[in-house]
Amino acid sequence: MGSSAAALIFCSLIWSVATQAPVVTVEPRTATIRQGESVSYRCQVKSSVQPVRLEWRKGNNQALEDNVKIGPDGSVLTVANARPGNHGQYRCVAISTAGRSFGNAVLNVKYPPKVQLTPAGPLQVRTGDAVTVECGATGRPRPTVTWKRRGSTLHLVTQEINDVHTIKWPSARPEDSGVYVCQADNNVGKSEAAVELTVVGPPGAPVASVNIEEMRVVEGQTVTMECKATGSPPPVITWSKLRAPLPWKHTVADGVLTLTGVGRQDSGQYICNATNTLGYSEAYTEMEVDSPPYATCLPDQVRLQPGNPLLIQCLAHGTHPIQFTWSRVGRGNLPAQAETTRDGKLMIASVKQADSGTYKCVATNYIGSSEATAKVIIKGELAF
Ligand SMILES: *[C@@H]1O[C@H](CO)[C@@H](O)[C@H](O)[C@H]1NC(C)=O
C-alpha cells in the first residue's frame, strides 16, 4: 500500500516535468499612453512542448475591441488610436497539449476631462426653492473638479460622491442668481460647463431709483445719471427722454447714462425704465442746462431826425436772470435824457444831433456775458 502510493507520486512527477505548461511573459508589463496614441505588447513563451497557440484576451475573458489588432504570429498585440475604453488589463494565453498558462499587461489610457451638468439649465427658481446641480466629471487621470461663480475666483463648497460634484442651495436667494461654472482639470487637459441660475423673488417686480432727481448743469459739460433697480430676475435698465429722443452723444452702461457736451436743448426729463418678467418701474431725473447769454440789438442800425424818439431793444438768449447794461462806445455815459429798462430797452424820447453814435448792450448772467451794438445816425434837415 505504502510503496504503490510512492510510485504514483513518482510517476506524476515525471509526467509533469516532461509536459510542463508554457511560461508566459508580456512586455511591457505596463504602458501609459494618451487617447489617440498607440502601443504594442509582445507575448514571450517558453515551452518544452510544441506547438503553442496564443490567444489574447481583455481583462478576465472579454473580447478585444475593434482597434486592438494581433500580429500574424499571434505574439504582438497592438492598440491603435487608443480610446478610454481600451484602458485595462490584457492577457496573453498560451495553450499547448501540456496545458495553458498566461501573462498579463496593463494599459493606462489618459484622456482629457469632460464634465456634464445635471440639470443643464438655465434654471429659473423662486426665492426659497432648493436647488441642486450635479457636475459629473470623467477623465484619466481623475480630474480635479471645482465649482466657481462666473466673475469670482472663490471655490464654492461642494459635495463629492463617485466623481459627481454637487452644488446646493437649500434656500435660493435673488442674489444667488448668476452663472456657475464646473471646471475639471487633469494633466491632459481641462473642460468646463456653465449653468445659469435665476432666482425670482416673490416681490420680484423691479423698483427703479435714480441717484439724483434734479440737476442743473452748464452747457458743454459732461453729465452722468445713474439708475439702480432691485427686483428678480435682475431688471434690464433702459434710459429715454420724455417726448424726445436721447441726445445724440449719449452712452448707457450698467444703468449709467452719460451725455457729453450737453446743450440747452438737452434740458428735460430723463426716464430710467427697469424691466423684468414681473413688471417695470420708472424713475426720473430732471436736467436743466444753463448757458451764457447771447445778445443782439433790434434794430442794430437806425436813422433818425432830431426830435424823433429812439427805441432799441437788447435781446438775449441764455439762462435767466439776465442783466442788461447800456453804454455808449467811446464815451461811456449815456446821454442824460436816455432811459433804460430792466428788460433791455434803450429809449430817448427826443433825440438830438449829438446823440449819434454807437450804443453797446452787455447782457450778463451767472455764467458769462455777451455784447451787441447798435448804430444810431441822426441827420438834421437843413433847417436854415
Ligand atoms: C418701460 O418699459 C415698459 C415695459 O417694457 C413699457 O411698457 C413702458 O412704456 C416703458 N416706459 C417708458 C417711459 O419707456
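**Figure 1. Burial and overall dimensions of the protein chain.** In this predicted model, 23% of the 384 residues of the protein chain count as buried. The radius of gyration of the protein chain is 48 Å. A compact globule of 384 residues would have a value near 21 Å. The C-alpha trace spans about 180 × 45 × 25 Å along its principal axes.

**Figure 2. The domains of the protein chain.** The protein chain is divided into domain 1 (21-110), domain 2 (119-200), domain 3 (207-290) and domain 4 (294-378). Take domain 2 and domain 3 as a pair: their centres, taken over C-alpha atoms, are separated by 37 Å.

**Figure 3. The shell around the ligand.** Six residues are to be located here: Ser-240, Ile-271, Asn-273, Thr-275, Tyr-280 and Glu-282 surround the ligand. Two elements, strand 22 (268-276) and strand 23 (279-290), each give two or more residues to this shell. Strand 22 gives the most, with three residues. By class, the shell holds two nonpolar residues, three polar residues and one charged residue.

**Figure 4. The pairing of strand 14 and strand 15.** Strand 14 covers residues 178-185, and strand 15 covers residues 190-200. The two pair in the antiparallel sense. Eight bridges join them. Look for Asp-185, which stands opposite Lys-190 in strand 15.

Figure 5. Most peptide bonds are trans. Here, a cis peptide bond joins Thr-118 and Pro-119, with omega at about -10°. Another cis peptide bond joins Gly-121 and Pro-122, with omega at about -5°. Where do the prolines lie? Pro-119 has its place in the loop between strand 8 (99-118) and strand 9. Pro-122 lies in the loop between strand 8 and strand 9 as well.

**Figure 6. A positive phi at Asp-163.** Most residues other than glycine have a negative phi. Asp-163 has a positive phi, near 65°. Its place is in the loop between strand 12 (159-161) and strand 13 (164-169). Is Asp-163 buried, exposed or partly exposed? Asp-163 has 14 other C-beta atoms within 10 Å, so it is partly exposed.

**Figure 7. A positive phi at Arg-243.** Arg-243 is not a glycine, yet its phi is positive, at about 55°. The residue has its place in the loop between strand 19 (236-241) and strand 20 (250-253). Inside 10 Å, Arg-243 has 7 C-beta neighbours. Arg-243 therefore counts as exposed; the cut-off for an exposed residue is 12 or fewer other C-beta atoms within 10 Å.

How values were computed:
Residues are numbered from 1 along each chain as its sequence is written. This is a predicted model: local features need pLDDT of at least 70, side-chain atom pairs count only at pLDDT 80 or more; totals for chains, interfaces and linings use all residues. A residue is near a molecule or strand if its C-beta atom, placed from the backbone, lies within 6 Å of it. Helices (H or I, at least four residues) and strands (E, at least two) are DSSP runs, numbered from the N terminus. Ala, Val, Leu, Ile, Met, Phe, Trp, Tyr, Cys and Pro count as nonpolar, Asp, Glu, Lys and Arg as charged, and the others, Gly among them, as polar. Domain bounds come from an automatic or database domain assignment. Two strands pair if DSSP finds at least two bridges between them. The radius of gyration is taken over C-alpha atoms; the globule rule is 2.2 Å times the number of residues to the power 0.38. A residue is buried if 20 or more other C-beta atoms lie within 10 Å of its own, exposed if 12 or fewer, and partly exposed in between; C-beta atoms are placed from the backbone.
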